[in-house]
Amino acid sequence: MTEITPAPTPALDTTARPALLEARHVSKYFGSVIALKDVSLQVRAGEVTCVLGDNGAGKSSLIKILSGVFPPDEGEILVDGESTTFAGPREARAQGIATVFQDLATVPMMSIWRNFFLGQEPTRRVGPINLLDLDRAKATMKAEMAKMGIDVSDPNQNVGTLSGGERQAVAISRAVYFGARVLILDEPTSALGVRQSGIVLRYVIQARDMGRGVILITHNPHHAYPVGDQFVLLKLGHVLGSFTKDEISITDLTQMMAGGEELAQLSHELRRMGADQPALQQVARELAEEAARTAPGNSEA
Amino acid sequence: MDVTLPPGQPAPAAAPNGRVVSARLGTRLLRRPEVGAALAAIAIFMIFAVDPVSRELWLSQNGLVGWLSQAWQFGIMAVPVGLLMIGGEFDLSAGVMTGSAAILMGLLAKGFGWNIWLCIALSAVFAIVVGLINGLLVVKTRLPSFIVTLATFFVLRGTSVGLVEALNSNSTVVTVLTPPPGTDVARAVFGGSIGSAPAYPIAVAWWLIVTVVGTFLLSRTTFGNWVFAAGGDPNAARNVGVPVGSTKIVLFIGTALGGWLVGTIQFTAGLSAVSEQGVGYELYYIVAAVVGGCLLTGGYGSVVGASIGAAIIGMALQGVIYAGWPSQWGFAFLGVLLLFGVVVNAVTYRQAQRARR
């Protein structure tokens, strides 16, 4: 469990302990483009905060602010309840905020243990020279991966031969091992199949149960809902809604994300386009049904 | 794409879907980058051991010394060139560097009569500067090292020819007639040989040393980890704090110093240097590294493999002569080897990249 220093209770915090990481009324502008406007969110130890939004919702700008790539134009970032300005990603990392980017997490042609310790290699002094401590590196990596529920029988195996989900696990357990208190996971499931996504979501739960705070960025409400404690919905840089789990159901979440109206509209267009194509008609019917299911008040079928 | 995970479901410890399969020993062995090269080396050795014309000489000590005398210069260079390749870059100036380093020693020793060790040391400084320039140019301009070092190649080649002709009364060979102080020791350390009838060049020992040091650096040090990462995925490496730029600069200095070592050995052997020595050899080094399992795109390879690749080149070039084949066939042989090496590498790369989904 992570040590939390007592701090004055922030206004937004309903419990006694301050959030590990909090964004308060954060805005970011690129010229005249509003990337983010008045976005607030927080993550506590042992909790998962999900940021949901479609492409262009401002998710990546939010990640970059939280991970210290650039500062917000308005609003503030709080670590352990204290207002902080990160000089860069390195400083955020030093404060225990680790971002696991989807593509840039690992080097495929390198072994699992080499990847695990890349940039922070354990060394052993033999005479005047520092050697890689191979045994310690491999043993530590195996132990850390076991905590994630993965049994690595061959530490020399290349990361490239691992599945997408297992690669995420390497990146996540590496971040946890090197002292991350807050894990920011950028679309960890977007390139994965159903089974692999399930495995990654289990790692999210594992990290949460180890007392870390997790910010899970995704566009898939079905991935977010089972693991999340709080949900922040972004659309075009604005917060569409912010809920705890007991305030919203998976159905409502899905509807807010995809928008039942948009599904119905799409179904209508497809039906008009492909009047003579049975396959398109079929897709249109299914979309209409989906829209009806997710948005009972807006039935068209 | 939807996954509904019942909350509170226990995560399986080492469950089948979270397991990492281990390859069988045979498969794992075949995946090692140097194994293909070792098999090829044995095959080539056998060809000349079986050929009725070359057999007797090939299996004698003289035959061994014959191809070792060819192979050492490729071997000493294949190691740093292979490391650089694993780090994701090329050095086309590596061949001409061997000649330039020797020329510089020759001009200094002849012109000033300085102690040979001073000439050797100054030449090393020159090599470090060339490597530094190569590295800085590649890292700062982000141009392909292929082009940057091709430019260095032409500059070094032109300068050494021009300088020699200007300072050496239009001769392309710099010969130091009166041995400068320290020559005996320097020759014993670098350019000499052990034994007489079959005289083993000391350079072969340098080849072994360089191979051992290179292997050690690559597999047992933090720097080696950075080399793999710099070539494998520089962005990922930077994201986890690996100094990719400095790593590459050090590697370029390494190839230049390799050239300096070869130049020192060649110069101290006969106290003479030829102005176009080593031109064209840069391709042999790359062939050796590729045949030895270093990936052209970087991120993968083996120092031992590159060294074996150099042995293969030495054997091929010398064996063709022993067998009495027209020497041009040696090049055809190398071409086939290169192709073979690249195909094996491509298969290895795909194997390593293949993800289980």
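Residues are numbered from 1 along each chain as its sequence is written, while chains are lettered from A and ligands numbered from 1 in the order in which they are written. Because the model is predicted, local features need pLDDT of at least 70 and side-chain atom pairs count only at pLDDT 80 or more, whereas totals for chains, interfaces and linings use all residues.

Chain B contains 15 helices and 4 strands, where helices (H or I, at least four residues) and strands (E, at least two) are DSSP runs numbered from the N terminus. Of its 357 residues, 50% count as buried, a residue being buried if 20 or more other C-beta atoms lie within 10 Å of its own, exposed if 12 or fewer, and partly exposed in between, with C-beta atoms placed from the backbone. Among contacts in chain B between residues at least 6 apart in sequence, 79% join residues at least 24 apart; two residues are in contact if their C-beta atoms, placed from the backbone, lie within 7 Å.

Two helix pairs of chain B were examined. The axes of α4(B) (residues 61–86) and α9(B) (residues 203–220) come within 9 Å and cross at roughly 20 degrees, axes being lines fitted to C-alpha atoms, for helices over the stretch in contact, and angles running from 0 to 180 degrees between N-to-C directions. The two helices are therefore roughly parallel, given that angles under 35 degrees count as roughly parallel, over 145 as roughly antiparallel, 65 to 115 as roughly perpendicular and the rest as oblique. Residues of α4(B) including B:Leu68, B:Trp72 and B:Ile76 meet residues of α9(B), among them B:Trp206, B:Trp207 and B:Val210. The residues of this contact divide into 11 nonpolar, 3 polar and no charged, where Ala, Val, Leu, Ile, Met, Phe, Trp, Tyr, Cys and Pro count as nonpolar, Asp, Glu, Lys and Arg as charged, and the others, Gly among them, as polar.

In the second pair, the axes of α8(B) (residues 183–191) and α12(B) (residues 244–270) come within 8 Å and cross at roughly 130 degrees, so that these helices are oblique to each other. This crossing, too, is left-handed. Here B:Ala186, B:Arg187, B:Phe190 and B:Gly191 of α8(B) meet B:Thr264, B:Ile265, B:Gln266, B:Thr268 and B:Ala269 of α12(B), and the residues involved comprise 4 nonpolar, 4 polar and 1 charged.

Helix α14(B) (residues 303–322) reaches 29 Å from its first C-alpha to its last over 20 residues, close to the 28 Å expected at 1.5 Å a residue, the expected span being 1.5 Å times one less than the number of residues. Because 19 of its 20 residues are buried, α14(B) is largely enclosed by the rest of the structure. B:Gly324, which follows this helix, has a positive phi near 75 degrees.

In chain A, A:Gly58 lies in the loop between β3 (48–53) and α1 (59–66) and is buried, with 23 other C-beta atoms within 10 Å. A:Gly58 and A:Leu236 are 178 residues apart in sequence but 6.4 Å apart in space, C-alpha to C-alpha. Most residues other than glycine have a negative phi. A:Asp80, in the loop between β4 (74–79) and β5 (82–84), has a positive phi of about 55 degrees and is buried, with 21 other C-beta atoms within 10 Å.

Terms used:
Left-handed = near helix turned anticlockwise from the far one by under 90°.
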